Amino acid sequence: MFENSRAFSGFAVDDLARAKEFYGTTLGLSVSEDAEMGLLRLDLAGDSTVMVYPKEDYRPATYTILNFPVDDVERVVDELTARGVAFERYEGFEADAKGIVHGEGGMPTIAWFKDPAGNILSVLTAPGP
């Protein structure tokens, strides 16, 4: 039924202008506005699109909404920190001084951070070949 469908994901924010600035400038993603629909499109690698839409009774997600696989988590954490991004620490995950949880037992190395709306994102080690 859906084998040829190009599914996409979406999430809500409380302020589209702040989201556009964060995802476009801070994270360096390709962001376009769809004024007719009143939302943003994040164009990701692999021809993926994520829709970002405003919601009046918005509440931040309490789980990770986007994961960004990278080759070097520490380098990306340093770059994002220089751009003003703060990294989260969660109970049960021992993080280093930068907020990086060094993966063990099959868990990837990962660092969580939030967008301006409070949604949780992460950078993590890219899966091997």
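The model I am reading is a predicted one.

β2 and β3, the latter spanning residues 39-44, pair in the antiparallel sense over 5 bridges. For the whole sheet I noted 4 strands in the order β1-β4-β3-β2, forming an open sheet with mixed pairing. Its edge strands are β1 (9-13) and β2 (30-34), each of which pairs on one side only. Neighbouring strands here are turned by 25° against each other on average, with direction ignored.

I next checked what lies against the sheet. Helix α1 (residues 16-26) packs on it and touches β1, β2, β3 and β4 (48-54). I recorded an angle of about 15° between the direction of α1 and that of β3.

Within α1, I listed A19, F22, Y23 and T26 as buried. Seen down the helix axis, the buried residues of α1 fall within an arc of 110°, so they line one face of the helix.

I inspected both ends of α1. At its start, a side-chain oxygen of D15 comes to within 3.0 Å of the backbone nitrogen of A17. Just after the helix, G28 adopts a positive phi of about 75°.

Finally, I returned to strand β2 to examine D34, which is placed there. Setting aside neighbours within four places in sequence, I found D34 in contact with L39 and R41.

Note on methods. Residues are numbered from 1 along each chain as its sequence is written. This is a predicted model: local features need pLDDT of at least 70, side-chain atom pairs count only at pLDDT 80 or more; totals for chains, interfaces and linings use all residues. Side-chain values use heavy atoms; hydrogens and water are left out. Two strands pair if DSSP finds at least two bridges between them. Helices (H or I, at least four residues) and strands (E, at least two) are DSSP runs, numbered from the N terminus. Axes are lines fitted to C-alpha atoms, for helices over the stretch in contact, and angles run from 0 to 180 degrees between N-to-C directions. Contact means heavy atoms within 4.5 Å. Buried means under 20% relative accessible area, exposed over 50%, partly exposed in between (1.4 Å probe, protein chains only). The arc is that of the directions from the helix axis to the C-beta atoms. A polar contact is a pair of N or O atoms within 3.5 Å; within protein, one must be able to donate a hydrogen and the other to accept it, and residues adjacent in sequence count only if both atoms are side-chain atoms.
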